[in-house]
Amino acid sequence: MEYFLELFFGGLTRGSIYALIALGYTMVYGIIELINFAHGEIYMIGAFTALIAASALAMLGMDGWSLLALSGVIAIIYSAAYGFTIEKIAYKPLRKAQRLSPLISAIGMSIFLQNYVLLAQTSDFLSFPALIDEFSFMENVTIIGSAELVIIITTAVATAILTLFIKFTRMGRAMRAVAQDKTMAMLLGVNVNRVISATFIIGSALAAVGGVLISSQIGQINFYIGFIAGIKAFTAAVLGGIGSIPGAVLGGLVLGWTESFATGYISSDYEDVFAFGLLVFILIFRPAGILGKASSEKV
Amino acid sequence: MKRLLYSLVMVSVILCTAESFAADTIKLGVPGAHSGDLASYGLPSANAAQLVVDAINAKGGILGKKVVVLKEDDQCKPEVAANVAAKLVSDKADVVLGHICSGATKAALNTYNESKIVTLSPSATNVELTKSGDYPNFFRTISPDDAQALLQVNFALDKLKVRRVAIIHDKGDYGKGIAEFAKGFFEKRGVKPVLFEGITPGAVDYSAIVQKIKFSKADAVVYGGYHPEAAKIVAGMKKKKMKTHFISDDGVRDDTFIKVADKFAEGVYATGPIDTTKSPMAVAAIEQHKKRYGTEPGAFYLNAYAGALCLLQAVEKAGSTDFAKVSKALRTNWFETPLGKISFDRNGDAKGIGFAMYQVRNGKYVEVGR
């Protein structure tokens, strides 16, 4: 039983990270039907920014939760700025082009950002400090670590806030309107450019949160981490139904659990086989993903 | 430059062959890749042989005879190697320093074996060449591919007294290769690994495999692979407060591992090559190469240098070029070489070279056994 719970929470943690990144994929897709391949790189840039910020702040004598919070906030702002700029540079000029063009632009952006970090920072693996402190009340708990607990709670809170934001705020309503029909929303006075920018900013901020949390848990980063995490998160988004916010979260968790239990009870040799096998299986029966609807309402 | 080098080699081959007809010489065959894609593996060995021979000749040769070098190019191709071997036999080579690649060596060995010629490779690492017992005439001054795994297993069982062991690898050629050798050695010694699994390099986290290791109650993990994944697994294990030993290979015996895994690296074991390039003899040998050829020596240079020394000194100690006497001399004597003091075991593998076990202590790798 303990083994099962450990695998359960391990999968939940990993799934939460997938979910945080998948939200960015799914929101952008919901609004402009673009698969933003550079999204994984935003996650990586978030982690690098947090590392740089944390090193600098630690030198100034900061530690504990304030260090995590402040470097996290810096990473969020920086990543959000990247997300905003990428949209303006790489996607906005192509908004009226045929659908393949922004996709190629996204792949190009992803390669560009990877190489930019490779050249501007380093190709080596870097040690990432454990920014999440051990809770004293978690001393005797073996099935889950403090960092994992923080990751799970943060994801839950972030998802809840995002859902409320989309349901009850003006901007949220505008987002839903743009997702349904961009032209109509524009005719009714919604500032579509602002809505799209906001979508990129929110998605990037969530990716940065994921990047900071998982790097702090794993303890190392390099310029390539965004690629693999991005692929997995994209899989999660498709699994849950791309365009659907609860779908992205559910897809992330299902993927995380599948990987964790497949490794735990069968063999880690086949971790990816099970993850992608599940994807194929679900798409056969539900082509739009678990919670995806074939309708136009996507956010 | 490559052309020039090539023609130089060709000229020297012609010169050497011409010289080899002179009576009363000891002929050292040096077959290997001297042209083609893999020439950079073979030429340093040819240079090493020439330098050793020149030094010996300057002191009057061995057993009163001058030594000549017979260089032959096999391009690392097995079919060419077989022809080259036949040619060296017909040229009456007394001992052979070569071949370079494992495949070429295997193709040529039978020919030398039938003609009873002692053959020593500075670079062929294929396990079967020595362990199969098919080639009693074969020796080498490089560790076979399974040397690291053997050291890991012996260290785990003898020094750490491990009873339950989990073997993890990264599914790559290198990591999985070592992991499979380790599994074989453990089983040979009656320890059946409780886990044998591959992980996906670069995955977001490894908590599931860490839990699996914990649940398997292994005393030690043997990991075949490189440092990034090793660092993640070690950190995960330490965070779970596991006391399991972590033993890995020279993909992990790297300072980057310590830098990345930081405090979690403490206590990790890893095998790595014994560094001999700083020994006075090695420094002198490298200096000789720079002086004669004007460049830094390349791959396997020191192995070939040591091999040539062993072969010729063995001839001297045996008092003749007779096969039985020379191979006995190689097995019973210890030779001073740039690789350190070495001798050869029953199979023809060198003793005293290869890998040592290191452990991270206070943020540094420290040798803890051989």
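Me: In this predicted model, where does B:L63 lie?
Reply: Phi of B:L63 is near 50°, a positive value in a residue other than glycine. Most residues other than glycine have a negative phi. As for its place in chain B, B:L63 lies in the loop between α2 (39-58) and β2 (66-73).

Me: Which peptide bond is cis, and what is its omega near?
Reply: Most peptide bonds are trans. The exception to look at here involves B:H99, a residue found in the loop between β3 (95-97) and α4 (102-114) of chain B. The cis bond runs from B:G98 to B:H99, with omega near -10°.

Me: How many residues does each chain bring to the contact, and which three residues supply 21% of the area that chain A buries against chain B?
Reply: Chain A and chain B bury about 2500 Å² between them, with 50% of that area on carbon and sulfur atoms. The contact takes 32 residues from chain A and 31 residues from chain B. On the side of chain A, the three residues that supply 21% of the buried area, more than any other three, are A:Y3, A:F125 and A:I218.

Me: Which residues form the salt bridge at 2.9 Å, and which helices do they lie in?
Reply: Side chains of opposite charge can pair when their charged atoms come close. Over all chains the count comes to 22 salt bridges, and two salt bridges are counted between chain A and chain B. The pair asked about, at 2.9 Å from N to O, is A:E6 with B:K214. Because A:E6 lies in helix α1 of chain A and B:K214 in helix α8 of chain B, the pair joins two chains, and the helices are α1(A) and α8(B).

Me: How many residue pairs are in polar contact across the interface, and which element of chain A gives the largest share of the side that touches chain B?
Reply: Across the interface of chain A and chain B, twelve residue pairs are found in polar contact, both residues being at pLDDT 80 or more. On chain A, the elements that each supply at least two residues of the touching side are α1 (2-32), β1 (126-127), α8, α9 (225-240), α10 (245-266) and α11 (271-285). The residues of that side divide into eleven nonpolar, twelve polar and nine charged. The largest share, seven residues, comes from α1(A).

Me: Which element gives the most to the lining of the largest pocket?
Reply: The largest pocket holds about 700 Å³ of space, and among its 32 lining residues A:E134, A:G145, B:G236, B:K239 and B:K240 lie nearest its centre. By class, the lining has twelve nonpolar, eight polar and twelve charged residues. At least two lining residues each come from α5 (146-168) and α8 (192-218) of chain A, and from α8 (207-216) and α9 (227-239) of chain B. The element that gives the most, with five residues, is α9(B).

Me: How many cavities of 30 Å³ or more are counted, and which residues line the largest cavity?
Reply: Rolling a probe the size of a water molecule over the atoms shows where empty space is left. The count comes to one cavity of 30 Å³ or more, and the largest cavity has a volume of about 30 Å³. Its lining divides into four nonpolar, two polar and two charged residues. The residues that line the largest cavity are A:R14, A:T263, A:S268, A:E271, B:I199, B:Y206, B:A208 and B:I209.

Methods:
Residues are numbered from 1 along each chain as its sequence is written. Chains are lettered from A and ligands numbered from 1 in the order in which they are written. This is a predicted model: local features need pLDDT of at least 70, side-chain atom pairs count only at pLDDT 80 or more; totals for chains, interfaces and linings use all residues. Side-chain values use heavy atoms; hydrogens and water are left out. On a 1 Å grid over the protein atoms alone, a cavity is a set of points where a 1.4 Å probe fits but cannot get out, and a pocket is an open set with protein on both sides within 12 Å along at least five of seven lines; lining residues have an atom within 4 Å of a point. Grid points are joined across faces, edges and corners, and a volume is the space filled by probe spheres set on the points. Helices (H or I, at least four residues) and strands (E, at least two) are DSSP runs, numbered from the N terminus. Ala, Val, Leu, Ile, Met, Phe, Trp, Tyr, Cys and Pro count as nonpolar, Asp, Glu, Lys and Arg as charged, and the others, Gly among them, as polar. Contact means heavy atoms within 4.5 Å. Buried area is the accessible area (1.4 Å probe) that two parts lose on being put together, summed over both. A salt bridge is a side-chain nitrogen of Lys or Arg within 4 Å of a carboxyl oxygen of Asp or Glu. A polar contact is a pair of N or O atoms within 3.5 Å; within protein, one must be able to donate a hydrogen and the other to accept it, and residues adjacent in sequence count only if both atoms are side-chain atoms.
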